[in-house]
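Q: Hey, could you walk me through the strands in this one? I'd like to know what sits next to what.

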Amino acid sequence: VEKLSGIKLNRDTVKRLKKRYFGTAKSVMIRKKEKEKEEKKDEPAEKKKVKVCEPKVERETKETIVKPQYKIVHRGYVDYQDYAVGATKDSRPKELVVTIDLPKCTSAKGLALDVTNRCLELESTEHKYRLDLKLPYKVDEELSSAKFDKKKRQLVVVLLVLPS
């Protein structure tokens, strides 16, 4: 250590360990600035190439409306007998939990949520989000609930699944 770092250690306070290594031995790399990088920084601004990106109108219209990421979780009650040999039970869940990530939103203000029999629609005019989601089961739109989590910036929608 003294040779590599150029430091003189006080040998009175050094503890010798019984084990040679704790865990796995890894090589350590100390990096230094290259002379070329320092020289490039000192060059005048005339020699440096600057890329200027011009906004494209077609791209802006497509990027303004964003489809947020979402996750659908089937939630229900499961019994061991449901999976026994010869048992035939519908694997229909009791509820669908839809979690929608909205990283630009800080509150539920400006969000419009519409739930119908087989569809969930979310629209935000303020943050330009739009989601049209076809649901795998028929749901009861009257008994559905939604909650916005400010810390995670997620909208959690719980939908009660109707029996077949």
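Q: Which residue stands opposite Val157 in S7?
A: That's Ala146. One step along, Ser145 has Val158 as its bridge partner in S7. Strands here are DSSP E runs of at least two residues, numbered from the N terminus.

Q: Before we go on, what kind of model is this, and how are residues numbered?
A: It's a predicted model, where local features need pLDDT of at least 70, side-chain atom pairs count only at pLDDT 80 or more, and totals for chains, interfaces and linings use all residues. Residues are numbered from 1 along each chain as its sequence is written, and side-chain values use heavy atoms, with hydrogens and water left out.

Q: Good. How many bridges hold S6 and S7 together?
A: Seven, with S6 (residues 139-149) and S7 running antiparallel. Two strands pair if DSSP finds at least two bridges between them.

Q: What about the turn of that hairpin, and which residue has a positive phi there?
A: Four residues lie between the strands, and Arg153 takes a positive phi near 55°.

Q: And which other strand pairs with S7 over seven bridges?
A: S2 (residues 95-101), also in the antiparallel sense. Asp101 is bridged to Gln154 of S7 there.

Q: Is S7 largely enclosed or open?
A: Largely enclosed by the rest of the structure, because six of the eight residues in S7 (154-161) are buried. Buried means under 20% relative accessible area, exposed over 50%, and partly exposed in between (1.4 Å probe, protein chains only).

Q: What's the strand order in that sheet?
A: S1-S2-S7-S6, an open sheet of four strands with antiparallel pairing. S1 and S6 are the edges with a single partner strand each, so one side of each has no neighbour in the sheet. Neighbouring strands are turned by 20° against each other on average, direction ignored; the axes are lines fitted to C-alpha atoms, with angles from 0 to 180 degrees between N-to-C directions.

Q: Switching topic: where does Arg75 sit?
A: In strand S1 (residues 70-75). Arg75 counts as partly exposed, at 41% relative accessibility.

Q: What does Arg75 touch?
A: Leaving out residues up to four places away in sequence, Arg75 touches Pro93, Lys94, Glu95, Val97 and Val158 (contact means heavy atoms within 4.5 Å).
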